[in-house]
Amino acid sequence: MKFEIAMEPMASPRPRFSSKGGFVKAYMPKEYMAWKAQLLFKWKLLKLKQEVSGKPLFVKLGFYLEPPIALLKVKKNQAALEAETIPVVKKPDIDNLQKSVLDALNKHAWPDDNQISDIYAKKRYSLRPRIEIEVTEVE
């Protein structure tokens, strides 16, 4: 199964902590939870079936981030931006981008993300921010 979700990738943040009434409670920021809900909503709109074979899965992720204005202004960068060949070598960290997608699609695109045995990810600048996801069974 291969699909694309048109939205700016977001990295999984660290949990926040609150201590009301003498108890410490961990929670995730609201904007991150809203992002995960939006990603899941867009996945459901694609009407894809869950990968339920029980076999190990290989997940390939492509994160295409909006380029900074300084990069856009340089004329020689335009062709590379259109070809999506400029790697992102700044935050967000690629492992946190992976985590956000895997957590959002857990129990929806696959029964449990512990089924994922192989993963490949890349992050590039693009004029069309999105997340590309490909899931295949490991033979």
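This is a predicted model: local features need pLDDT of at least 70, side-chain atom pairs count only at pLDDT 80 or more; totals for chains, interfaces and linings use all residues.
Reader: Which residues of helix 4 are buried?

Author: Here is the general idea. An α-helix has 3.6 residues a turn, so residues three or four places apart point the same way. In this structure, the buried residues of helix 4 are L97, Q98, S100, V101, L102, A104 and L105. They pack against strand 1, helix 1, strand 4, strand 5 and strand 6.

Reader: Where does helix 4 lie, and what follows it?

Author: Helix 4, residues 94-105, lies across strand 1, strand 4, strand 5 and strand 6, and runs at about 120° to strand 5. After the helix comes K107, which has a positive phi near 70°. Helix 1 (residues 30-45) also belongs in this picture: it lies across strand 1 and strand 6, at about 130° to strand 1.

Reader: What is the order of the strands in the sheet?

Author: In general, strands of a sheet pair through backbone hydrogen bonds, either parallel or antiparallel. Here, four strands form an open sheet in the order 1-6-4-5, and the pairing is mixed. Strand 1 (2-5) and strand 5 (116-125) are the edge strands, each pairing on one side only. On average, neighbouring strands of this sheet are turned by 15° against each other, direction ignored.

Reader: How many bridges join strand 1 to strand 6, and do they run parallel or antiparallel?

Author: Four bridges join them, and the two strands run antiparallel. To find one of these links in the structure, look at I5: its bridge partner in strand 6 is I131.

Reader: Let me look at R130 in strand 6. Is R130 buried or exposed?

Author: A residue counts as buried when its relative accessible area is under 20%. R130 has 2%, so R130 is buried.

Reader: Which side chains make polar contacts with the side chain of R130?

Author: There are two to look for. The side chains of R130 and E84 are joined by a polar contact of 2.7 Å. The side chain of S126 makes another with the side chain of R130, at 3.4 Å.

Reader: Which residues is R130 in contact with, leaving aside neighbours within four places in sequence?

Author: They are E4, I5, A6, M7, P9, G62, F63, Y64 and E84.

Methods
Residues are numbered from 1 along each chain as its sequence is written. Side-chain values use heavy atoms; hydrogens and water are left out. Two strands pair if DSSP finds at least two bridges between them. Axes are lines fitted to C-alpha atoms, for helices over the stretch in contact, and angles run from 0 to 180 degrees between N-to-C directions. Contact means heavy atoms within 4.5 Å. Buried means under 20% relative accessible area, exposed over 50%, partly exposed in between (1.4 Å probe, protein chains only). A polar contact is a pair of N or O atoms within 3.5 Å; within protein, one must be able to donate a hydrogen and the other to accept it, and residues adjacent in sequence count only if both atoms are side-chain atoms.
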